[in-house]
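Have the sequence and the structure side by side before reading on. The paragraphs below go from one residue to its surroundings and then to the whole chain.

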Amino acid sequence: MKRPFAPRGDLFIVPMLLCLVTAQAQNVNQKNRQEKCAGPVYTYQQVTLRARITQPLDIKITEDARAHDVHGRIVVEAVLCRTGRVTDLRVTESLPYGMTESALEAVRRITFTPAELNWHTVSQRQRFEFLINDSGTREITPGDADGRLVEAVNVIG
């Protein structure tokens with residue numbers, strides 16, 4: 001005598017788990033996917049009016065970095081897209097203990113007015129340098145200073 005087909009409970013759970021894992025992997029990929037700025041990207045020398053950051057950068061020093069007394073520099077290159085979003089992030093110098101991630105998050109949160117070229121908004125490439133626990137000042141040569149613009153001076157004390 002043949003037994004009628006009775007689905008097992010564990011056979012139903014396996015496909016559901018597979019769907020759940022696939023959905024989580026897609027969410028992680030979407031978070032890690034780098035947003036790109038469409039259209040041409042200009043340097044600050046090529047634009048008529050440079051992009052203006054409308055609020056100060058706020059980088060958080062992580063507890064791990066504080067505990068390990070991390071010193072150094074983080075350099076992030078990004079595009080301040082004409083759409084008002086920060087895109088094309090690239091780290092060229094990093095630090096450990098979550099400091100690079102903190103700097104990336106600070107750059108992602110930037111609000112700015114886009115650059116202009118001939119009265120049209122355009123995208124501008126920008127470099128951000130974060131000095132972490134660096135109390136010393138360093139001198140730059142006149143050749144390195146040539147063509148650079150002082151955008152802000154902070155007097156403390």
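Start at Val76, which is located in strand S3. The model shown here is a predicted one. Val76 has a relative accessibility of 0%, so it counts as buried. Setting aside neighbours within four places in sequence, Val76 is in contact with Leu89, Arg90, Val91, Leu104, Val107, Gln126, Arg127, Phe128 and Phe130. Gln126 is 50 residues away from Val76 along the chain, yet the C-alpha atoms of the two are separated by 8.5 Å.

Which strands pair with S3? One of them is S7, joined to S3 by nine bridges, with the two strands running antiparallel. In this pairing, Ala78 has Gln126 of S7 as its bridge partner. S3 is also joined to S4 in the antiparallel sense, here by five bridges. Val79 stands opposite Thr87 in S4. S3 and S4 form a hairpin with five residues between them, and Gly84 in that turn has a positive phi of about 95°.

S7 has other pairings. Three bridges join S7 to strand S6 (residues 115–117), and these two run antiparallel. Leu117 stands opposite His120 in S7. Two residues lie between S6 and S7 in their hairpin, where Asn118 in the turn has a positive phi of about 55°. With strand S1 (residues 41–42), S7 pairs in the parallel sense over two bridges. There, Tyr42 stands opposite Gln124 in S7.

As background, most residues other than glycine have a negative phi. Asp69, which is not a glycine, has a positive phi of about 50°. Asp69 lies in the loop between helix H2 (63–67) and strand S3 (72–80). Its relative accessibility is 48%, so Asp69 counts as partly exposed. Asp88 also has a positive phi, near 50°, but Asp88 lies within strand S4 (residues 86–93). At 19% relative accessibility, Asp88 counts as buried, because the cut-off for that word is under 20%.

Now look at what is packed inside. In soluble globular proteins, nonpolar side chains tend to be buried together. The largest nonpolar core in this model has 22 residues, and those with the most contacts inside it are Ile74, Val76, Val86, Leu89, Val107, Phe128 and Phe130. S3, S4, helix H3 (99–108) and strand S7 (120–132) are the elements that give two or more residues to this core. Phe130 shows how such a residue is surrounded: leaving out residues up to four places away in sequence, Phe130 touches Leu57, Ile59, Gly72, Arg73, Ile74, Val76, Ala103 and Val107.

How many of the ten residues of H3 are buried? Seven are, so H3 is largely enclosed by the rest of the structure. The buried residues are Met99, Thr100, Ser102, Ala103, Leu104, Ala106 and Val107. Their cover includes H2, S3, S4 and S7.

One of these residues, Thr100 in helix H3, has a polar side chain atom that lies 2.9 Å from the backbone oxygen of Leu95. Thr100 has a relative accessible area of 8%, so it is buried. Beyond residues up to four places away in sequence, Thr100 touches Ile74, Val91, Ser94 and Leu95.

Finally, step back to the whole chain. The protein has four helices and seven strands. From the N terminus on, these elements run α-β-β-α-β-β-α-β-β-β-α. Among contacts with a separation of 6 or more, 76% are between residues 24 or more positions apart. Of the 157 residues, 22% are buried. The accessible surface comes to about 12200 Å², and 55% of it belongs to carbon and sulfur atoms.

How far can the model be trusted in each part? The average pLDDT of the protein is 80, and 72% of the residues score at least 70. Over residues 14–32 the pLDDT is below 50, and this stretch has zero contacts in the model beyond near neighbours in sequence. Where pLDDT is low, the predicted coordinates should not be read in detail.

Note on methods
Residues numbered from 1 in each chain as written. Heavy atoms only, no water. pLDDT = per-residue confidence, 0-100. Contact = heavy atoms within 4.5 Å. Buried < 20%, exposed > 50% of the residue type's maximum accessible area, 1.4 Å probe, protein only. Pairing = 2+ DSSP bridges. Areas by Shrake-Rupley, 256 points an atom, 1.4 Å probe, with all protein chains shown as cover. Core = buried A, V, L, I, M, F, W, Y, C linked by side-chain atoms within 4.5 Å. Polar contact = N/O pair within 3.5 Å; in protein donor to acceptor, adjacent residues only side chain to side chain.
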